There are 2 protein chains.
Amino acid sequence: MSHATMTAVQAGVLCEFITRAFVAVDMPAADAASVAALMTEADLQGSDGHGVIRLAPYIRRIKAGGINLRPEIRVIEERAATALIDGDNGMGHLVMARAAQLAATKARTAGIGWVGSRLSNHAGPASLYARMALPQDMIGLYFAVGNANHLPPWGGLDMLLSTNPIAVAVPAGDEPPVVLDMATTVAAYGKVKAKAQRGEMMPEGWMIDRQGQPLLDPKRADEGFLLPIGGYKGYGLSLIVGLLAGTLNGAAMGRAVLDFNHDFETTTNTGQAIAMIDLAAFGDVAAFKQRVDTVVRDLRASERMPHVDRIWLPGEQSHAKRLAYARDGIPVGPALRRALDAVAAEIGIAPLA
Amino acid sequence: MSHATMTAVQAGVLCEFITRAFVAVDMPAADAASVAALMTEADLQGSDGHGVIRLAPYIRRIKAGGINLRPEIRVIEERAATALIDGDNGMGHLVMARAAQLAATKARTAGIGWVGSRLSNHAGPASLYARMALPQDMIGLYFAVGNANHLPPWGGLDMLLSTNPIAVAVPAGDEPPVVLDMATTVAAYGKVKAKAQRGEMMPEGWMIDRQGQPLLDPKRADEGFLLPIGGYKGYGLSLIVGLLAGTLNGAAMGRAVLDFNHDFETTTNTGQAIAMIDLAAFGDVAAFKQRVDTVVRDLRASERMPHVDRIWLPGEQSHAKRLAYARDGIPVGPALRRALDAVAAEIGIAPLA
């Protein structure tokens with residue numbers, strides 16, 4: 001995409017547009033504002049596959065009756081350091097914002113808080129919730145069951161697992177926080193779709209076909225499977241994340257996961273889990289942050305391979321994007337702009353300025 | 001190794017031998033028995049790189065003064081659901097057995113217990129401690145900082161990270177538990193050493209050289225690095241595990257990690273973390289186990305690739321080994337036997353029967 005066709009939209013403008021869109025399809029105004037703020041935050045941190053690009057499918061699901069717009073989100077199991085939240089099929093952002101808040105409250109006294117969800121929905125990028133721990137001087141961990149299965153067990157052909165993501169956010173001192181946000185597959189499915197749109201081939205290692213041979217043409221993606229990271233290890237990791245975020249909470253996992261790209265009506269019963277660890281429960285907070293700074297600086301300043309310009313820390317690039325986009329606006333390309341214009345026209349609101 | 005040169009040793013016999021060995025180098029008898037039981041358990045579950053094979057280096061470290069044989073293992077930070085344990089440079093098995101017990105006690109009331117360690121030492125296979133959650137109807141999670149750095153940051157040449165392992169154990173009903181135990185590198189360093197011993201080449205993807213090219217000859221291993229799973233993802237995962245298990249606890253991480261294969265005197269300041277989640281805090285335990293059984297069976301019975309005989313669940317093979325070795329004895333090959341005989345001679349005890 002050239003800069004000529006790319007526009008920059010200020011975060012506030014984008015957030016206001018998303019809010020209007022949700023209100024137009026009957027979401028309560030306060031909820032619409034909350035979801036819009038989190039979707040905008042996703043775009044601000046550069047998670048552009050999980051921000052406003054999801055507005056059209058969210059609206060489609062809402063209009064198809066697949067989302068409860070008046071959910072009674074409630075805690076159904078609770079201990080000093082744990083809780084299970086029933087999302088009542090509300091927007092995942094509302095469920096997980098509540099879960100994150102509860103996890104932090106519990107961590108403040110118990111040292112750690114772990115909150116799971118059932119009957120939740122897609123909630124945006126995993127790191128969005130793990131990052132909520134940072135301003136509280138806590139470490140955040142987030143696990144989720146993906147909303148479509150693209151991964152067979154190792155050696156298998158039956159797609160029973162999703163890319164089940166993991167995010168962990170660790171506060172630093174003067175350095176940006178260390179934030180890992182990863183799918184348990186080599187490539188996320190969104191990257192395959194992007195390659196197809198650009199007419200490019202995939203590198204070996206992203207996907208295999210049903211004979212176990214490398215699949216390179218992203219247009220043939222539905223003839224094959226995503227490869228887990230580290231082979232059987234990534235399969236195991238995806239399974240474990242699914243058990244922690246889905247099965248433990250009574251949420252969908254394995255065969256029970258529906259493909260939300262093709263079914264907009266059925267309740268997804270999405271499961272997620274967020275944990276927060278209070279740094280103060282392990283000693284002096286400032287000393288911890290200094291130790292993290294040291295590790296970060298040692299890694300960044302260490303010797304590089306030939307032709308490698310810089311060693312990046314996880315989360316460093318999205319931290320830089322966050323600063324740049326908050327100042328200069330969020331990039332919106334022509335395809336996304338057209339999609340948002342179409343949504344606006346369909347639901348009868350003014351388009352994104 | 002042929003069966004002709006492989007002997008099977010009953011677990012009780014092995015455990016008694018290890019106990020005698022530690023007592024001979026002045027470890028208190030009760031501690032010696034505890035460590036021996038855990039080392040034997042490691043061999044029983046097939047983690048043969050982390051069981052009795054470590055006796056010689058442990059003894060060497062003890063004789064060099066690198067281990068405190070009279071440690072005051074104590075809790076130095078505590079909340080309802082968290083604790084930090086100072087291992088006082090005792091054997092890691094003793095530190096982590098204590099940590100696991102404390103994590104379970106906290107989980108029983110708070111729903112989750114997370115216990116970190118500093119000034120600990122190598123404690124055997126990660127899954128050994130995660131598995132301790134299973135008989136308590138809990139999920140166990142274990143993270144550790146490895147005791148030698150073999151992994152540079154992504155794009156780097158400076159080995160600042162270890163293979164930092166993760167283990168998670170999840171109870172099932174009639175099925176074996178799901179137990180993941182993985183290094184964050186494609187191959188553990190022990191596998192490279194085994195290839196070298198057998199005179200075999202490594203497959204592409206295990207290691208790279210300092211130019212970033214595939215390194216296939218395991219005899220040249222010290223000219224290159226282990227590759228993290230999923231490239232930059234595994235680098236991120238190793239870093240995060242190191243921050244959780246090391247930095248959070250004030251244990252060694254990054255540049256502070258010493259290579260315990262070459263230094264037997266300096267305190268390792270090993271950091272580990274164990275968490276346990278009480279299933280009952282998330283609803284009916286029997287119903288959860290049934291859901292896990294369903295996922296396990298769906299995966300196992302799913303369609304296989306051509307030439308794949310069976311789909312394995314993580315932990316299934318070690319579960320089978322556990323049953324077989326408890327019945328038939330633990331396999332001890334000639335090289336290991338010679339090493340144990342040498343240890344016995346050196347410390348003046350009767351050899352393994």
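At what angle do helix α2 (residues 29-44) of chain B and α4(B) pack, and how far apart are their axes?

Author: The model is a predicted one. Two packed helices are described by the angle between their axes and by the distance between those axes. For α2(B) and α4(B) the angle is about 80°, and the axes lie 9 Å apart. Angles of 65 to 115 degrees count as roughly perpendicular, so α2(B) is roughly perpendicular to α4(B). On the α2(B) side, the contact is made by B:Asp31, B:Ser34, B:Val35 and B:Leu38. On the α4(B) side, B:His93, B:Leu94 and B:Ala97 take part. Sorted by type, the residues of this contact are four nonpolar, two polar and one charged.

Next, α4(B) by itself. This helix covers residues 92-110 of chain B, which is 19 residues. At 1.5 Å a residue it should span 27 Å, and its end C-alpha atoms are 26 Å apart, so the two values agree. Of those 19 residues, 15 are buried, and therefore α4(B) is largely enclosed by the rest of the structure. Here a residue is buried if 20 or more other C-beta atoms lie within 10 Å of its own. Just after the helix comes B:Gly111, with a positive phi of about 100°.

Chain A has 10 helices and 12 strands, and 56% of its 353 residues count as buried. A compact globule with 353 residues would have a radius of gyration near 20 Å; chain A has 20 Å, so it agrees with that expectation.

Note on methods. Residues are numbered from 1 along each chain as its sequence is written. Chains are lettered from A and ligands numbered from 1 in the order in which they are written. This is a predicted model: local features need pLDDT of at least 70, side-chain atom pairs count only at pLDDT 80 or more; totals for chains, interfaces and linings use all residues. Helices (H or I, at least four residues) and strands (E, at least two) are DSSP runs, numbered from the N terminus. The expected span of a helix is 1.5 Å times one less than its number of residues. A residue is buried if 20 or more other C-beta atoms lie within 10 Å of its own, exposed if 12 or fewer, and partly exposed in between; C-beta atoms are placed from the backbone. The radius of gyration is taken over C-alpha atoms; the globule rule is 2.2 Å times the number of residues to the power 0.38. Axes are lines fitted to C-alpha atoms, for helices over the stretch in contact, and angles run from 0 to 180 degrees between N-to-C directions. Angles under 35 degrees count as roughly parallel, over 145 as roughly antiparallel, 65 to 115 as roughly perpendicular and the rest as oblique. Two residues are in contact if their C-beta atoms, placed from the backbone, lie within 7 Å. Ala, Val, Leu, Ile, Met, Phe, Trp, Tyr, Cys and Pro count as nonpolar, Asp, Glu, Lys and Arg as charged, and the others, Gly among them, as polar.
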